[in-house]
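Okay, thanks for making time, everyone. Let me put the model up and then walk you through a few parts of it.

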Amino acid sequence: MLSHKLNIEPDVGIGGDVSDNQYPYMVQIQHFMVVNYVHHCGGTLLTSRCILTAAHCATPSLKLRAQVGTVWRDSDTEGQRRLIVRMVAHEKYIQDGTTRPYDIALALVEDPFLVDDKTVTVIALLPAYYEQPATMDVLGFGKIDHDDTLPDRLQVVECRFHPLSDCQKHPSEGTLCVGNPGATACQGDSGGPVVGTIDGVDWLVGLVSFGMKSCGTGPIICTDVSVYSDWIKEGVRNLTISEG
């Protein structure tokens with residue numbers, strides 16, 4: 001499976017460890033391995049039960065759970081943990097390990113998260129009446145070096161938009177190309193939020209999909225959530241109704 005992460009070089013990338021409660025809608029999606037749960041992908045909390053992530057993170061063979069409310073990876077003592085009972089990928093996504101459009105999925109947790117005004121919150125999609133901000137924050141727990149090191153703490157980098165041709169020879173509808181020198185994505189970042197802030201309010205602009213080169217080089221492809229807003233809204237409604 002392809003998934004991707006942020007590589008931060010202090011001289012060129014703006015970012016690093018996040019502050020406590022800075023991004024309270026950030027979700028860790030974890031899979032069960034042998035005796036415990038370990039990091040799998042990122043996600044974004046849309047409602048108390050629904051999470052937005054990448055379609056290539058929706059692996060049917062894996063037992064998955066979600067964790068929110070902590071900046072620490074795979075924490076046993078902080079945050080809230082819920083089992084994921086359903087994962088619905090976009091019906092047009094092809095799961096073959098290559099860069100594809102429609103890389104978007106919804107996950108439903110067994111019981112609602114306890115949403116408050118500080119440690120766990122939901123985030124809304126960027127409204128159509130706003131222009132996309134010039135820069136945005138990309139979040140993730142993925143690899144941070146070529147030794148496959150995972151950070152203990154959630155990482156953030158500030159990125160800007162690139163022409164789609166910088167990411168794809170034949171650009172796909174519904175994708176964004178973002179990055180800065182030394183600020184990109186690597187294995188483990190997939191599905192994580194791409195966030196724009198307007199007048200002090202965070203909005204979900206995209207989610208991490210695929211990197212185009214080796215970790216730490218080149219911009220990354222992100223799914224443009226505005227293109228899929230109807231799919232997301234209908235999916236959230238159907239998941240909520242079907243699970244009562």
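Helices (H or I, at least four residues) and strands (E, at least two) are DSSP runs, numbered from the N terminus. Now the caveats: this is a predicted model, where local features need pLDDT of at least 70 and side-chain atom pairs count only at pLDDT 80 or more, while totals for chains, interfaces and linings use all residues. Residues are numbered from 1 along each chain as its sequence is written, and side-chain values use heavy atoms, with hydrogens and water left out.

So, the barrel. Six strands make a closed barrel in the order β2-β3-β4-β7-β6-β5, with antiparallel pairing. On average, neighbouring strands there are turned by 45 degrees against each other, direction ignored; axes are lines fitted to C-alpha atoms, for helices over the stretch in contact, and angles run from 0 to 180 degrees between N-to-C directions.

Let's stay with β7. It pairs with β6 over five bridges, antiparallel, and Ile84 has Val109 of β7 as its bridge partner.

How enclosed is β7 by the rest of the structure? Largely, because five of its five residues are buried, meaning under 20% relative accessible area; exposed is over 50%, partly exposed is in between (1.4 Å probe, protein chains only). Ala105, Ala107 and Val109 point one way from β7, and Leu106 and Leu108 point the other way.

Now the helix, α1, residues 229-242. α1 lies across β4, β6 and β7, at about 25 degrees to β7.

Which residues of α1 are buried? Ser229, Trp231, Ile232, Gly235, Val236 and Leu239. They cover an arc of only 155 degrees around the axis, so they sit on the same side of α1; the arc is that of the directions from the helix axis to the C-beta atoms. Their cover includes β4 (50-53), β6 (80-89) and β7 (105-109), with contact meaning heavy atoms within 4.5 Å. Exposed Asp230, Lys233 and Ile241 are on the face turned away from the buried side.

Key. Pairing = 2+ DSSP bridges.
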